[in-house]
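The sequence and the coordinates are shown first, and a description follows.

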Amino acid sequence: MKSTKWTRRQVLKGAGVALSVPWLETFETKAKAAGTAPVRRYMSLYWPNGTADGYLWGATGAGASMTLAPILQPLQPNISKIMPLGGVGNYSPWNGHVEPSHGNNCATAFTGVKANGPMSANSSISIDQAIGNQIQAANGGTLPTPLHSLQVGLSTLDSYTDGLPGPHSRSISWKDAASPLYKIISPQNVFDTLVAGGLPQTGNTGSTMPDPAAMRRQALKKSALDYITNSATTLQMRLSKSDSARLGQFLTSVRDLEQRVTAMPIGPTTTGQTCSASGVTRPTQVYAVGNTPPDYDRGKHATLMIDLVTMAYQCDLTRVVSFMLDDARSDFVYNFMTNRTFSQTGSTPGTGAVAGYHGLQHAGDQNDGFATITWWNMSRLNDLITAFSKIPEGAGTVMDSVIIYAGCGMHGGNHDGLNVPTVLAGTGGGVIKTGQALHLAGGSNVTGNKSEAGKNMQDVHLTILNKVFGANQKEFGVSMSNYPSQGVLTQLLA
Amino acid sequence: MKAGNESKVSLHLTLACSAALALATVACNGAISGEGQPGGGPGAAGSGSGIGGPSGTAGGAMMNPPPATGGSTGTGGAGVVGPLDSGRVSIHRLNNLEYDNTVMTLLGVNGMAQATFQPDEQGEFDNDADAFTMNDARYEQYFNNADTIGETVFADTAATGLRQTYVYGLVTPPCTLSATDTGCSSKIIAAFGAKAWRRPLTTAEVMGLQTLATNAISLGETADGSIKQVVKTLLASPQFLYRIEFDPNPTSTVAHSLDPYELATRMSYLGWSNMPDQALFDLAASGQILQDAVLTQQVDRMLADPKGANFTNSFAGQWLGARDMQAHQVEPTAFMNFDDALRSAFIQEELLYFNQFLTGPPGGGPALPMTKFFTTNTNFVNTRLAQHYGFGNPTGTAFQMVTGGSPNRIGFMGLGSFLTFTSYSYRTAPTLRGKWILLNLLCQTIPSPPANVPKLDATAAPTDASAQQENVRAKLTAHRQAADCFTCHSLLDPIGLGLENFDAIGKYRTSYSAGGPPIDASGMLPSGEMFSSLSQLATILSMGTHGQQLTDCASHKMMTYALSRSLVDSDNPYLNQVRTTWAGQGYGLKDLMKDIVTNDTFKFRRGEAP
């Protein structure tokens, strides 16, 4: 990470209670004044296991006549801000032969590259990371935010069971081929990551002078990190090529942390918040895989995480987020919910607690439990859109700058990578044409039984990367002979 | 494991590493030999071989290449000659379990990695060195945690407190810290550093850390605070967070013996998922660890130690699926009486079952041979599990060994844990049971399923009785009619169909629903053997080719875990050596471990071509 143009100190100064203009206006105004790229924000939103098929999923029409199938109906309040997509294929990295495993489909969805198996966690850069890099490049090589990107998720259950490397099921963000960026599931840890080691927790509250104890702590941390950097660099010279590369990952993380520690504000202790505008305080919830309290509630977990990513956007701590609602092949029991009863036209509250996710996936496409979980996932997408739409920015809201790719690597109970459920949300600054349902038909060189093949998932990613974020890539991921990249998909554009 | 009572087994075995176990270890007051005189090691950037090692007996062996197979051990691997490749292990980040254990041993506090960190990446096992990665969020966890641990230890200033016990007390005779004199602080740094980095520090390394301490004093810290700064920094350093083995020449592919401290560390993380104790450090300092007889003695000692439960919990917990059982979900409407007490009993039994093949039955006696893994008629039950199995009525929460509890429940495939975690939440999945046995106990390769798999259950939800009481055999029979499905399912299904008398939580049953038609648990393996009961199936899978696959698979799995890397073709000669030796020892798993740790692929490593 290069030095940040807007340090956290500035972020906090901007968050001062005397601030009377809408919070984010300062960033927008600064960007315009500096002649830098306009503020654009990206989110990968992942859910596993696909969706219940048939009448339960899908959308038709545009504008006022757009209608949503029952599972998508939670998005009705924000219907003008979404674009349900049909015909998105997660099969081209295999050149037509889909390997229908959960881990493979997940690992491929946001990288566009077939992840190597069985034991090597070798993949490729994911779209969120490519977009983060592009944001940095478009800003003259320096990040405009303290954090390059943020990876979060909700999975508290070890769902790794299909014999593939764990990261293929657990991470949709990859810095490069060898570096999966595991998401953080603990709300408190997400908060701490966002505030980079935390604001001074104690000190001379009320004074206007910097806290000397906090200054000493910062200096000690820097001293420790300097030592570790030097020590690891010396060590690196004694290691073989591949081990040196492994330690290189370590060194990068140490240096990035040093940047963040250096940028940590040492002001007078005030509100203890990252930015007062967000109203988010440090959550008490600390979760890990296999470590949840007896009263754990996935719904509450989701709400906390949505508040935190909203804070990240609102305070401009990062513009790139990847969010895994659950891990690939999750069999988490969604029994905090009651089944809904689905019909041709909608759904109503039903009876009985929802069961395990993966078991439901394979219990037939038209079962209410499976549909209820996907319905819940769409409700969280709706929550995100609603939250971003409430934050004023410039003449509009944060949502105007956002593009969310909400999707899944797998179609549904058949394990296939054809026609995977996908919804885009947000126009990304007026670039994407929301308020319409689109079926992408007619991939080239379609052979055999792949007649459903529409467009490559990678080309949807490419369209966002190039058109919303101003990159100029020819393709994203791999382009295989049977399913070559068709470049930017103009039908997605406004 | 030893137990005071002939048949009672104490409950050390829990899945998460118990803090109590680590607390039970003796606080290290002795100093590592050579500490305080670190000049015996190499320069900081010099050769990595022979760190702190003696120039005595074992030293001469250290640079020898491994002997060619086919010599004294008489391998079964058809006349392998020529140079072998002992392989290499990448630098190895401590996984969350190893980190927590190590922090507990080193400083007496809970590392909290399992409770709060990102989960480990996972290869074949969660100690696979090649699978580990580092990213910003993960490193920040380590760094912040080091800060927290350092504060905790140095806040406990009592004479018997953490700071004295785990840091200052390492120096004998005790010295007095001063902000103006580095004599005492350097001694403490050298002593604690040698434990944190699992090897003596060089003079240059001690000086570097002393400079860090001096800087802390110039930033306003006290003398105590300067040592705290060093402790925190060491906990966030790569030499602590990674197990690093050095090659004298990193670009040479010629094998060389591990440094004694590196070998002690390999042993320690294999047997205990923890850092070496003083005995292992002493054996490293004297070089005796390089002797095979010492290594096999250490296997005995380490498995007899309470910390040896870590091996069972980690290795068997992963290999035999006890961790899958921990995470497995059961549909409450299908199995109203399934609860955490039963889940816990399943896991305990599975680990105890494994232990009788490792160290022998509780109360003593030789280990059972792996060849009886499918057929032994022992179970380990408490009241809850005995009721579930329909075994009379043992009382109490302690586990008892039961022999011949039921003719229907035989061997590993009769264990409640296995039968449950390979099922769906609401019904059995014979295909998954068969696939699990083939993959994990017979080490067979299974082809991937094709796309567009038709569903077995048309519409019923898992909460519907019709789905829960599905005649899965009939459904699978119909499924196999499709040519696409036949190839795989004729391979995958028979074993699982032979287990249909056990429901999705491993309870014995004779029909899919009350009053329904009886369950048919007969079948034929692809290799042609017919069976009509679990005991027949278990016997068939223990004989001939299948029996060979079972022991071969066990050696493959344990070697993978012991080396903490995936095995490759060049490992086969070494694997064959181990298998040949093991075959002559009666197939106990502790003997297998001894054969592995004395094998050259465990004791040697090499660099890699640039």
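## A residue in the core of chain A

Apart from its neighbours within four places in sequence, A:L308 is in contact with A:P187, A:V190, A:F191, A:L194 and A:V280. The model in which these contacts occur is a predicted one. A:L308 belongs to the largest nonpolar core, which holds 275 residues, and A:L308, A:A312, A:I404 and A:L424 are the members that touch the most others. The element that gives the most to this core is α11(A), with 11 residues.

## Confidence of the prediction

For the complex, the predictor reports an ipTM of 0.83 and a pTM of 0.76. The average pLDDT of chain B is 84, and 82% of its residues score at least 70. Residues 1–82 of chain B keep a pLDDT under 50, and the model has 190 contacts beyond four places in sequence for them.

## The two chains

Chain A contains 12 helices and 17 strands, whereas chain B contains 26 helices and 9 strands. Of the 494 residues in chain A, 59% are buried; in chain B, 55% of the 610 residues count as buried. Where contacts join residues at least 6 apart in sequence, 75% of those in chain A link residues at least 24 apart. The corresponding value for chain B is 70%.

## Two packed helices in chain A

Two packed helices are described by the angle between their axes and the distance between the axes. In chain A, helix α9 (residues 298–314) packs with helix α11 (residues 368–389) at an angle of about 35 degrees, and the axes are 10 Å apart. The crossing in which α9(A) passes α11(A) is right-handed. On the side of α9(A), the contact is made by A:A302, A:I306, A:T310 and A:Y313, and on the side of α11(A) by A:R380, A:D383, A:L384, A:A387 and A:F388. Sorted by class, the residues of this contact are 6 nonpolar, 1 polar and 2 charged.

## Where the chains meet

How many residues of chain B are in contact with chain A? The contact involves 67 residues of chain B and 74 residues of chain A. On the side of chain B that touches chain A, two or more residues each come from α3 (113–116), α4 (136–155), α7 (203–218), α8 (223–235) and α14 (322–327) of chain B. The most is given by α4(B), with 7 residues. By class, this side of chain B divides into 30 nonpolar, 24 polar and 13 charged residues.

## An enclosed helix in chain B

The buried residues of α25(B) are B:L589, B:D591, B:L592, B:M593, B:K594, B:D595, B:I596 and B:V597. They pack against α10 (260–271), α12 (292–304), α15 (340–358), α23 (544–563), α24 (572–583) and α26 (600–603) of chain B.

## Backbone details in loops

| Residue | Phi | Other C-beta atoms within 10 Å |
|---|---|---|
| A:N419 | near 50 degrees | 24 C-beta atoms |
| B:R198 | about 60 degrees | 25 C-beta atoms |

A:N419 lies in the loop between β14 (402–407) and β15 (422–425) of chain A.

The peptide bond from B:T172 to B:P173 is cis, and its omega is near -5 degrees. B:P173 lies in the loop between α5 (162–166) and α6 (182–196) of chain B.

In chain A, A:G430 is found in the loop between β15 and β16 (438–439). A:G430 counts as partly exposed, because it has 14 C-beta neighbours inside 10 Å. A:G430 and A:N49 are 381 residues apart along the chain, and their C-alpha atoms are separated by 31 Å.

How values were computed:
Residues are numbered from 1 along each chain as its sequence is written. Chains are lettered from A and ligands numbered from 1 in the order in which they are written. This is a predicted model: local features need pLDDT of at least 70, side-chain atom pairs count only at pLDDT 80 or more; totals for chains, interfaces and linings use all residues. A residue is buried if 20 or more other C-beta atoms lie within 10 Å of its own, exposed if 12 or fewer, and partly exposed in between; C-beta atoms are placed from the backbone. Helices (H or I, at least four residues) and strands (E, at least two) are DSSP runs, numbered from the N terminus. Two residues are in contact if their C-beta atoms, placed from the backbone, lie within 7 Å. pLDDT is the predictor's confidence in each residue, from 0 to 100. Ala, Val, Leu, Ile, Met, Phe, Trp, Tyr, Cys and Pro count as nonpolar, Asp, Glu, Lys and Arg as charged, and the others, Gly among them, as polar. Axes are lines fitted to C-alpha atoms, for helices over the stretch in contact, and angles run from 0 to 180 degrees between N-to-C directions. A crossing is left-handed if the near helix is turned anticlockwise from the far one by less than a right angle, and right-handed if clockwise. A nonpolar core is a set of buried Ala, Val, Leu, Ile, Met, Phe, Trp, Tyr and Cys residues joined through C-beta atoms within 7 Å.
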